[in-house]
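Please read this briefing beside the sequence and the model.

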Amino acid sequence: MSLVLRNLFFPEKQAVIFALKGVIAMAMALTVSLFLNLDRPYWALVSAVFLQMRPETGLVVEKAICQIVGTIVGGLFGILVLTQLMPYPYLGLGVLALWLGINSALSVMVRQANFIYAFAMAAVTAEIVVILVMANPTAASSQAVFNVAQARMSEIIIGAICAGIVSHLFWPMKVKTSLQHQSRSVINQTLSYLVTELDKEGSHEGRHQQIDAIMMTLGVVSENSSAVSYEGPKGPGRSRAANQICQRVLSLLALIQIFGRLQRRHYELMTPTLAQMIDRLRTAFAQIAESDDFNYCLDQVKILRRELTDFRANNDADQPFERHVINIGSEITSDLTVLLRAYRALEARDSTLLNEPRMQSYRDPLAGLMTGFRTSVVFLIGAAIWVSTGSNAALMIMILPVIFSIMLARVPLIILRVMLKRLLIGVVVAVFVTLFYALNLLSQSSGQLEILLLVLAGPYFIGLLLLADRQTLPYGLGFCIPFSILVSPGRGMTRPFSIDYTLSAGMAIFTGVCILFWVFHLIRGPSVQLLVHRIFKATYQDLLDINQQTTPVAWYNRRMADRLLRLTTYDQGSKSRAITDLALSALNLGHVSIRLHAICENLAGKHLTSLDQWQNALADAFLLATKGQHDDEFSKTSAVLYNELVAAVGESPQVEAIKGMFIRLNLTFERSAETIADQKT
């Protein structure tokens, strides 16, 4: 609560601007809705509130588009349900529950919050259209159905458009600025992690804290990369640069762990040559991480790259493993060069950068099924209460909890409990402010629009101040939306208000959020162990298919990014962090496989019969490691491939480096299997 008071009495300048923009957007939405004589203008206010949760121009535009598309789809589905099933209301409610479940399940299959919001709007718009018509069946007709659907869609679309206009015209904030800050942050975090991995004295806990921070920031960069494309002609270029940053950070994470694990676990393989190279890398990364001069950093990476090229040419490595590790050092500098160029491209267009795809959401049908089922249960409980009581106030039990159920589906239960508690506090405050301030004043006013806006501006400004901070956002959300619904602003505000109805509606909203909490608590979905197993099984399948793709590195990185983010989240309570380590190994295995196929095809063409067998053995060895098991099949298959290479092209430095690669991979599988087995015991 002290955080709430601090944000209210000592707000930051950015929060004040954010709240002012929100008040202006909501005033505009309400004015336009009243001018068009729409039935329930407060839905335009609710629409504007949701768009203010991230006020940057590109994000508002993207969310507005998602909101409008979702609203139209939901409205059309609501019309379809009513025209076909109006004589069968219970069947109609069942079909509506199925529709809500489908949209909730699909929302889990996407990463961006704005795309999740599109599914939420498709669900709730259909719900509003259907239940508002069913609430007054005597007046139901084809024209009435169309009028209700048109009004609901118009109100929500008006709110979205007004929020977008205000975002562009008043104190515009750009996603570009946030994206540049986040990109710089993730690059600095990555450089610090590189130094930590190369430090023999670095702690296990410290490394994983850095990995967690990198993955969280990387997720934000990926999410913002789609919204920045809406900000002017340079927007698409910045989006490509952000995607390139995500790709290169993942590639660096896949490579640098090799050096760290080599020093910590296989010190007997460290030769003087490798020790010298690792020391040089650590020194260079530390210098780059400490500098704020971009040109200096890029020059240092170029110098380091030349040094490693000379180092590889002048050191005649006589061990296969040594050759392999030196090659990895060169790859790290190449990826770091592209990473820095991609950061510069956020400001200046760089046409030489490849167009990398953005991070892809991991899609687990089982998780989607459980999420959809949970949302349907929330709706059906509310529908049962509404049918049994016949109260119009009970409609709120069905509407808001469904929105929150979809939007909060990915939040871990321990965090969700705190968020729902804060939502409930916001609802209680909204009821008191509505009764003792807003409706009391408005019932005594002359019904003028100016007075209506002045009375509502204060409470909305306070609620939006809370929305501006991530930690107090649930308080603001719990206040602004119920306040809009309970006040129901319109031109007839001069009539005496009903305390009974306002209290009933407030209790209905409060009850709906409580039901949502218990449904989330009782229907938790698949266990963490099952989800982890399914992610690793999907990764196993990707390892089988990786070299059939046209751009295998980008394909694998974009699929692994969200999996890494999920696995690090699942694994944060573990001391060993074995799941995170195995996930990083999986990321590296894909890169190794791609690199090996490229080398083999360059040396011997596509005539190596054992290469596909080796790929299958690699995937099988990884799957065994996820179960804490290890066998000799991968070593045997690697030996067969090595002998075939020697027979085809003879012994060469590249072939010997491949042999070193096989040695290192076998050590990785042994170590991973041992770590997972220890965690299970």
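In what follows, buried means under 20% relative accessible area, exposed means over 50%, and partly exposed lies in between, computed with a 1.4 Å probe on protein chains only. By that definition aspartate 364, at 4% relative accessibility, counts as buried. The model is a predicted one, in which local features need pLDDT of at least 70 and side-chain atom pairs count only at pLDDT 80 or more, while totals for chains, interfaces and linings use all residues. Residues are numbered from 1 along each chain as its sequence is written, and side-chain values use heavy atoms, with hydrogens and water left out.

- Aspartate 364 lies in the loop between helix H13 (320–344) and helix H14 (365–389), where helices are DSSP runs of H or I with at least four residues, numbered from the N terminus.
- Leaving aside residues up to four places away in sequence, aspartate 364 touches Met109, Leu531 and Arg534, contact meaning heavy atoms within 4.5 Å.
- Alanine 160, which is found in helix H7, is buried with a relative accessible area of 0%.
- With residues up to four places away in sequence again not counted, alanine 160 touches Ser47, Leu51, Ala64, Gln67 and Ile68.

**Helix H7 and its end**

- Helix H7 (residues 142–169) has 28 residues and reaches 40 Å from its first C-alpha to its last, close to the 40 Å expected at 1.5 Å a residue, the expected span being 1.5 Å times one less than the number of residues.
- Just after H7, tryptophan 171 takes a positive phi of about 45°.

**Packing of H6 with H7**

- Helix H6 (residues 113–134) packs against H7 at an angle of about 140°, with the axes 9 Å apart; axes are lines fitted to C-alpha atoms over the stretch in contact, and angles run from 0 to 180 degrees between N-to-C directions.
- On the H6 side the contact involves Met121, Thr125, Ile128, Val129, Leu132 and Val133, which meet Val145, Val148, Ala149, Arg152, Met153 and Ile156 in H7.
- The residues of this contact divide into 10 nonpolar, one polar and one charged, with Ala, Val, Leu, Ile, Met, Phe, Trp, Tyr, Cys and Pro counted as nonpolar, Asp, Glu, Lys and Arg as charged, and the others, Gly among them, as polar.

**Packing of H3 with H18**

- Helix H3 (residues 42–51) and helix H18 (residues 473–487) pack at an angle of about 165°, their axes 8 Å apart.
- The contact is made by Tyr42, Trp43, Leu45, Val46, Val49 and Phe50 of H3 together with Leu477, Cys480, Ile481, Ser484 and Ile485 of H18.
- These contact residues of H3 and H18 comprise 10 nonpolar, one polar and no charged.

Note on methods: Helix = DSSP H or I, 4+ residues; strand = E, 2+ residues; numbered from the N terminus.
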